[in-house]
Amino acid sequence: MSTPSSAKSLDSHAILKRFTKFNTQPEAEKWLKKYFETVSGFTTKDSVCAVFDIDGTILRDRDEKTPLCNKMLLNLFQLCRSLNIPIYIITARPEGREQRKWTVDQLKQCGYPPGSYVELRMMPVPEWKKLDKVANWNFSDYKYQERQRIVKNTKKSIILNAGDQWTDLLRVPPCSGSSEEKVIYDSLKNFPNSGVYVGSLVDLSWLCVKLPH
Ligand SMILES: [Mg+2]
């Protein structure tokens, strides 16, 4: 049975209410700093981690010779570090010696030296070759599985998840999720691609930061 359009708009309204939209990155950063000051009082550091995307998130443009680094993300990264919250970096860039070397170097130039993050996860080439880059869903599926793996292997929950695509942040990829996930995804992709959305798609312990792409 198809979803009535009234349910869709209701859903969209409900989702928007779970997010605060900041027009500028410094405004979002200020709010996030306050948030971490609050949670750091009662969060057991050993039980949480943060997940960051690279392209469009840590880096504003992947192909520039000198990487264009996103200052807000670096500040967030350093904030997590000061609170001993481990950071995992997940990218859909294909795994490979040269790609990894280039990526590690770009991260280093932006203030993320090796050892400052726990792991850099890159997409296995066979999966990357199968990507349907138009739908963007395979990225979502891959990143979702990586987040699941981190949670399962480390027994930590994700306290902060930052990306420039809604598919970086979804609880379940829309391609394999229920119709509810598809409705959520359809609503999200219609939100204006400007400003910074900060909020939760899962529960209050999983904070999403969505940058414009
Ligand atoms: Mg990205």
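**Close-up 1. The two faces of strand 2 in the predicted model.** In this predicted model, the side chains of Val48, Ala50 and Phe52 point one way from strand 2, while those of Cys49 and Val51 point the other way, and all of these residues are buried. In a regular strand the side chains alternate between the two faces of the sheet. Because five of the five residues of strand 2 are buried, the strand is largely enclosed by the rest of the structure. Across the protein, by comparison, 32% of the 213 residues count as buried.

**Close-up 2. The neighbours of strand 2 within the sheet.** Strand 2 runs parallel to strand 7, to which it is joined by five bridges, and within this pairing the bridge partner of Ala50 is Leu160 in strand 7. Strand 2 also pairs in the parallel sense with strand 5, here over three bridges, with Val51 standing opposite Tyr88 of strand 5.

Close-up 3. Seven strands form an open sheet of mixed pairing, in the order 1-8-9-7-2-5-6. Strand 1 (19-22) and strand 6 (119-123) are the edge strands, each of which pairs on one side only, and the twist from one strand to the next averages 20 degrees. The protein as a whole has seven helices and nine strands.

Close-up 4. Cys49, which is found in strand 2 (residues 48-52), is buried because 23 other C-beta atoms lie within 10 Å of its own, where the cut-off for a buried residue is 20 or more. When residues up to four places away in sequence are not counted, Cys49 touches Ile85, Pro86, Ile87 and Tyr88, and also Ile150, Thr154, Lys156, Ile158 and Ile159. In the protein, residues 24 or more positions apart account for 74% of the contacts with a separation of 6 or more.

**Close-up 5. Ile58 in the largest nonpolar core.** The largest nonpolar core has 42 residues, of which Cys49, Ala50, Phe52, Ile58 and Val209 touch the most other members. For Ile58, the residues touched are Phe52, Asn70, Leu73, Leu107, Cys110 and Tyr112, again not counting residues up to four places away in sequence.

**Close-up 6. The packing of helix 2 on helix 3.** Two packed helices are described by the angle between their axes and the distance between the axes. Helix 2 (residues 25-39) and helix 3 pack at an angle of about 10 degrees, with their axes 10 Å apart, and because angles under 35 degrees count as roughly parallel, helix 2 is roughly parallel to helix 3. From helix 2, Gln25, Ala28, Glu29, Leu32, Lys33 and Phe36 take part, meeting Met72, Asn75, Leu76 and Leu79 of helix 3. Classed by residue type, this contact of helix 2 with helix 3 has six nonpolar, two polar and two charged residues.

Technical notes: Residues numbered from 1 in each chain as written. Predicted model: local features only at pLDDT ≥ 70, side-chain atom pairs only at ≥ 80, totals over all residues. Core = buried A, V, L, I, M, F, W, Y, C linked by C-beta atoms within 7 Å. Buried ≥ 20, exposed ≤ 12 C-beta atoms within 10 Å, placed from the backbone. Contact = placed C-beta atoms within 7 Å. Helix = DSSP H or I, 4+ residues; strand = E, 2+ residues; numbered from the N terminus. Pairing = 2+ DSSP bridges. Axes fitted to C-alpha atoms, helices over the stretch in contact; angles between N-to-C directions. Parallel < 35°, antiparallel > 145°, perpendicular 65-115°, else oblique. Nonpolar A, V, L, I, M, F, W, Y, C, P; charged D, E, K, R; others polar.
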